[in-house]
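I opened this model to look up two things.

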Amino acid sequence: MKKISGLVLLSTLIAAPIAYAAPVGTLSVHILNQQTGVPSKDVDVTLEKQQPSGWVMLATQKTDNDGRIKSLYPEKEDMQPGVYRVTFKTGEYFKAEKLSSFFPEIPVLFTVTKTNEKLHVPLLLSQYGYSTYKGS
C-alpha cells in the first residue's frame, strides 16, 4: 500500500474485473494491394456472426490510410466463440481506383474458439486474386 497525503491507496489490493467487453483490438484487419504494394484505404469491411437463423451484422467500418481497422469487433460486448464472417467490399475500392476486378467482395469465414481471442485477418489483394490467413 502507498500513502499519499495521509490517504492509503488500496488499488493494488483490489482485483479488476477480467472482461466485461471485448478488448480494443480483439479483431483487426489489414488490406495490402499486392499489385501496388500500397495499403488499401477506404475499403468497407463488415463483420457478421453465424446464428441458427442466419448471419447477424455486428459491425461495419472503413480501412484507414494504412489499410487497417485496428478494432472491428464492437467493444461493448464479449466476442464469443462461433463462426464469423468478415467481408471486404473490394469492388467499390477498385472502382474508385479506376480498375476492374473479378471480385466485388471477398468474404472470409473463420472460427473463434475462445472468448475475446485476439485475432487478425489480413488480406493480400489484387484485381484477380487474393490470399488471407490467420494473422497475429
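The model is predicted, so I noted its terms: local features need pLDDT of at least 70, side-chain atom pairs count only at pLDDT 80 or more, and totals for chains, interfaces and linings use all residues. Residues are numbered from 1 along each chain as its sequence is written, and side-chain values use heavy atoms, without hydrogens and water.

Sheet. I looked up the partner of S9 and found strand S8 (residues 82-88), antiparallel to S9 over seven bridges. Strands here are DSSP E runs of at least two residues, helices are H or I runs of at least four, and both are numbered from the N terminus. Two strands pair if DSSP finds at least two bridges between them. I then traced the open sheet: four strands, ordered S6-S5-S8-S9, with antiparallel pairing. Strands S6 (54-62) and S9 (106-112) are the edges, each pairing on one side only.

I read a volume of about 190 Å³ for the largest pocket. A pocket is an open set of points on a 1 Å grid over the protein atoms alone, where a 1.4 Å probe fits, with protein on both sides within 12 Å along at least five of seven lines; lining residues have an atom within 4 Å of a point. The volume is the space filled by probe spheres set on the points, which are joined across faces, edges and corners. I listed 16 lining residues; closest to the centre are Ser40, Lys41, Asp42, Tyr93 and Glu97. Strand S4 (38-39) and helix H1 (90-96) each supply at least two lining residues. H1 gives the largest share, three residues.
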